[in-house]
Amino acid sequence: MTSTARRKSYGVKGAPYAFLLPATILFALFFALPIGYAIWLSFRKVQVSGLGLGSGARREVWAGLQNYTDALSDSELLNGALRVLGYGCIVVPVMLGLALLFALMLDSEKVRLAPFTRLAIFLPYAIPGVVAALLWGFLYLPDVSPFYFVLDKLGLPQPDLLDGGPLYLALSNIAVWGGTGFNMIVIYTSLQAIPAEVYEAAKLDGATPLQIALKIKIPMVAPSLVLTFFFSIIATLQVFNEPTTLKPLTNSVSTTWSPLMKVYRDAFGEGDIYAAAAQAVIIALATLVLSFGFLRAANRRNKRDDSQGAAR
């Protein structure tokens with residue numbers, strides 16, 4: 001092989017790595033490096049000597065697992081996790097249920113104005129979460145909300161959606177309103193990929209549209225449902241925008257309402273970035289464990305269904 005041919009061979013083999021290099025650099029600088037730095041900070045703490053005045057009175061030292069043990073025994077962090085759990089029990093099933101329903105309706109042969117309907121359902125997802133939470137927050141305020149004005153004129157009760165138990169419904173409504181469109185598009189795209197011959201065979205066998213939806217469409221889009229459920233779990237565990245935006249409007253939302261709000265308060269409110277880093281790592285690990293466990297359970301079920309189908 002000549003030197004020219006050898007250089008061309010190396011160039012062809014190295015082309016994929018050249019294309020990957022920019023993405024790899026960006027991933028390392030803006031994703032891997034911050035994660036590594038957060039993990040490093042989680043094992044550190046500030047040691048104060050004397051009154052903490054003068055040079056050298058405050059220095060960073062190794063803390064070991066102290067920040068992690070403090071975080072796991074912190075009642076505020078645990079209570080925030082329980083609140084997020086209750087919030088997720090409302091958001092995830094309602095949002096995915098509506099997304100599946102809308103996708104099935106749009107996939108129906110009798111649907112009209114499908115492009116406009118898809119856009120109308122998806123449009124709330126395009127609105128930034130902070131803006132959406134702020135708009136809904138003012139709609140929840142009795143003094144400025146047009147809904148409360150109508151209820152007052154009709155003589156109907158006016159519940160306070162920003163206090164007590166209804167607060168969960170108010171926050172969940174914002175998340176459902178903003179996330180249903182995205183999940184609907186994912187499921188609807190999977191429905192469009194189902195071969196038309198499958199529907200024709202079902203119709204020849206006398207299946208009704210409802211039977212087709214329940215026995216064919218939903219089982220065939222199960223992977224998309226798993227994917228949307230996976231994304232919804234991650235988004236629920238990382239809820240931050242909605243309660244933070246509504247906090248100035250009510251006293252029912254504390255600075256530690258969700259785990260991420262507590263991380264933000266400890267890092268930027270109290271200046272304890274070391275404890276905040278440990279809490280962030282714990283939240284990330286919890287998200288990873290739950291997500292991995294769910295995906296593994298889903299894969300195990302799919303393999304079992306495939307083996308049962310092959311046995312038949």
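Colleague: Where is Ser145 found?

Modeller: In this predicted model, Ser145 belongs to the loop between α5 (129–140) and α6 (146–154).

Colleague: Is Ser145 buried or exposed?

Modeller: A residue is called buried when its relative accessible area is under 20%. Ser145 has a relative accessible area of 3%, and therefore it counts as buried. Its side chain also reaches the backbone oxygen of Leu139, at a distance of 2.5 Å.

Colleague: How many residues separate Thr250 and Asp163 in sequence, and how far apart are they in space?

Modeller: Separation in sequence and separation in space are to be read side by side. Thr250 and Asp163 are 87 residues apart in sequence, while their C-alpha atoms are 7.4 Å apart. Lys45 itself lies in strand β1 (residues 44–48), and its relative accessibility of 27% makes it partly exposed.

Colleague: How many salt bridges does the structure hold?

Modeller: The idea is a side-chain nitrogen of Lys or Arg within 4 Å of a carboxyl oxygen of Asp or Glu. The structure holds 6 salt bridges. One of them joins Asp74 and Lys262, with the closest N and O atoms 2.8 Å apart. This pair links distant parts of the chain, 188 residues apart: Asp74 is in the loop between α2 (66–72) and α3 (75–106), and Lys262 is in helix α12. Both Asp74 and Lys262 are buried.

Colleague: Which side chains meet in a salt bridge at 3.2 Å, N to O?

Modeller: Those of Arg265 and Glu76 do. This pair, too, links distant parts of the chain, with Arg265 in helix α12 and Glu76 in helix α3, 189 residues apart. Glu76 is partly exposed, its relative accessible area being 31%.

Colleague: Why are Asp266 and Lys262 separated by about one helical turn?

Modeller: The reason is that they are 4 residues apart in helix α12. Asp266 and Lys262 form a salt bridge whose closest N and O atoms are 2.7 Å apart, and both residues are buried.

Colleague: Which residues are linked in a network of salt bridges?

Modeller: The network links Asp74, Glu76, Lys262, Arg265, Asp266 and Glu270.

Colleague: Which residues make a nonpolar surface patch?

Modeller: Leu21, Ile25, Leu26, Leu29, Phe30 and Leu33 make a nonpolar patch of about 630 Å². Leu21 is located in helix α1 (residues 3–42). Its relative accessible area is 47%, so Leu21 is partly exposed.

Note on methods: Residues numbered from 1 in each chain as written. Predicted model: local features only at pLDDT ≥ 70, side-chain atom pairs only at ≥ 80, totals over all residues. Heavy atoms only, no water. Helix = DSSP H or I, 4+ residues; strand = E, 2+ residues; numbered from the N terminus. Buried < 20%, exposed > 50% of the residue type's maximum accessible area, 1.4 Å probe, protein only. Polar contact = N/O pair within 3.5 Å; in protein donor to acceptor, adjacent residues only side chain to side chain. Patch = residues over 30% accessible without salt bridge, like charges linked within 9 Å, V, L, I, M, F, W, Y side chains within 5 Å. Areas by Shrake-Rupley, 256 points an atom, 1.4 Å probe, with all protein chains shown as cover.
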